[in-house]
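Let's walk through this model together, one spot at a time. Keep the sequence and the 3D view side by side as you read.

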Amino acid sequence: MDSATDDVDQVIAGELRLMDPRVRASRELAGRFLDPQFVEVGGSGRRWTYETMLAELPDDTGSSPAGRRFEPSDVSGVLLAPGLVHLTFQTVLRERRTRHSSIWRKGDGAVGWRMYYHEATTVPPGLRT
């Protein structure tokens, strides 16, 4: 396996871990996957930062181990530059389908890959393309 493929695979694994309710419910665990300069533009249009995400993620949709989980599909990634990966994918949670784009960057040493930027767009019901 080449290093670009390995990098993309590591980032996909991190993205999937961030969908795990146990990770989402824990500020400490989720903080391991988010870059301190993290920014998100959510499907609602709301802007999230590292601190606001960690503060509110435990109460967000998909964060309860007993509740519904995100169902990801069409996950793919590309190495943009050394230490920088772009992922795209879709999720379904209940009846809501969302398209996602995230950029991950690799930190020094043991820090590893962390999500730097994320954007989600809600797909209107019935739209398939």
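Asp74 sits in strand E3, residues 71-81; strands here are DSSP runs of E with at least two residues, helices are runs of H or I with at least four, and both are numbered from the N terminus. Asp74 isn't a glycine, yet its phi is positive, about 55 degrees. Asp74 is also exposed, with a relative accessible area of 58%; exposed means over 50%, buried under 20% and partly exposed in between, using a 1.4 Å probe and protein chains only. Arg94 also has a positive phi, near 60 degrees, without being a glycine, and you'll find Arg94 in the loop between E4 and E5.

A quick word on the ground rules. This is a predicted model, with residues numbered from 1 along each chain as its sequence is written. Local features need pLDDT of at least 70 and side-chain atom pairs count only at pLDDT 80 or more, while totals for chains, interfaces and linings use all residues, and side-chain values use heavy atoms, leaving out hydrogens and water.

Now head inside, to Val85 in strand E4. With 0% relative accessibility, Val85 counts as buried. Skipping residues up to four places away in sequence, Val85 touches Asp7, Val8, Val11, Val78, Leu79, Leu80, Ser102, Ile103, Trp104 and Trp113, where contact means heavy atoms within 4.5 Å.

What about the largest nonpolar core? It has 19 residues, and Leu18, Leu34 and Trp104 touch the most other members; such a core is a set of buried Ala, Val, Leu, Ile, Met, Phe, Trp, Tyr and Cys residues joined through side-chain atoms within 4.5 Å. At least two residues each come from H1, E1, helix H4 (50-56), E4 and E6, and H1 gives the most, with 4. Leu34, again ignoring neighbours within four places in sequence, is in contact with Leu18, Tyr50, Met53, Leu54, Arg114 and Met115.

Finally, look at the largest pocket, with a volume of about 580 Å³. On a 1 Å grid over the protein atoms alone, a pocket is an open set of points where a 1.4 Å probe fits, with protein on both sides within 12 Å along at least five of seven lines, and lining residues have an atom within 4 Å of a point. Points are joined across faces, edges and corners, and the volume is the space filled by probe spheres set on them. Of the 25 lining residues, Arg24, Glu40, Asp60, Phe70 and His100 are the closest to the centre.
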